[in-house]
Every structure is written in C-alpha cells, then in structure tokens.
Amino acid sequence: MSLSDFFINYSDEQTCKAFFKSRRELYGISCEHCGSLHLSWNEKESRWRCRECNFATGLKQGTVRKIQI
Ligand SMILES: [Zn+2]
C-alpha cells in the first residue's frame, strides 16, 4: 500500500485508529510495565489497559503513557 492509498483508505480518524489497533493486535500486545498478555481494549480511551496492573498502552508504538490511579 502506498502512502496515498493509506490516506484514501484511512481518511477519517476512526478508520485510522481501527487500522492501528488491528495492526498492533496482529503482532500481539503485551503490557510494557509488567509483561502481562492480558490486555483489554478501552474504546473510550482508545488504548489498551493491562488487566493485571492497569497500565495503559496507546495505539502508536513509543507513545505508551503511565497513568496514575
Ligand atoms: Zn501490566
């Protein structure tokens, strides 16, 4: 897929998010805090939440943020 195809196919934010989500899930997601493989997708936050430690993992790699509870 070329870059222009990407923008044609993923022009709106929702579609773009869905694309990144499916890509990440394809390669497998683990919690970067505790290493758990039990993560739940949080639609409202558009990120995964670790079921063990509640660490949040964002859609884009390298943009993982720790959230204080
Ligand atoms: Zn965790």
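Modeller: Let's start with what counts as a helix or a strand: both are DSSP runs numbered from the N terminus, with a helix being H or I over at least four residues and a strand being E over at least two. Bear in mind that this is a predicted model, where local features need pLDDT of at least 70, side-chain atom pairs count only at pLDDT 80 or more, and totals for chains, interfaces and linings use all residues. Residue numbers start from 1 along each chain, as its sequence is written.

With that settled, the protein has two helices and three strands, and along the sequence they come in the pattern α-α-β-β-β. Let's take a quick look at the way in. Helix α2 covers residues 13-27, which makes 15 residues, and from first C-alpha to last it reaches 22 Å. That is close to the expected 21 Å, where the expected span is 1.5 Å times one less than the number of residues.

How many of the 15 residues of α2 are buried? The number is zero, so α2 lies largely in the open. Here "buried" means that 20 or more other C-beta atoms lie within 10 Å of a residue's own, "exposed" means 12 or fewer, and "partly exposed" is in between, with C-beta atoms placed from the backbone. Across the protein's 69 residues, buried ones make up 10%.

Now for the part I'd like to zoom in on, the sheet. It is an open sheet of three strands in the order β1-β2-β3, with antiparallel pairing. β1 (39-42) and β3 (56-57) stand at the edges with a single partner strand each, so one side of each has no neighbour in the sheet. Two strands pair if DSSP finds at least two bridges between them. In general, strands of a sheet pair through backbone hydrogen bonds, either parallel or antiparallel.

Follow the chain through it. β1 and β2 pair over four bridges, and Trp41 has Trp48 in β2 as its bridge partner. These two strands form a hairpin with four residues between them. Ser46 sits in the loop between β1 and β2 and has a positive phi near 55 degrees, although Ser46 is not glycine. Ser46 has 14 C-beta neighbours inside 10 Å, so it counts as partly exposed.

Next, β2 (residues 47-50) is joined to β3 by two bridges. Trp48 turns up again here, with Thr57 in β3 as a bridge partner, while Arg49 stands opposite Ala56. The hairpin of β2 and β3 has five residues between the strands. Asn54, in the loop between β2 and β3, is a non-glycine residue with a positive phi of about 65 degrees. Asn54 is partly exposed because 14 other C-beta atoms lie within 10 Å.

Finally, look at what gathers around the sheet. The largest nonpolar core has five residues: Cys31, Leu39, Trp48, Cys50 and Phe55. A nonpolar core is a set of buried Ala, Val, Leu, Ile, Met, Phe, Trp, Tyr and Cys residues joined through C-beta atoms within 7 Å. Leaving out residues up to four places away in sequence, Cys31 touches Ser36, Leu39, Cys50, Glu52, Cys53, Phe55 and Thr57. Touching, or being in contact, means that C-beta atoms placed from the backbone lie within 7 Å.

Terms used:
Contact = placed C-beta atoms within 7 Å.
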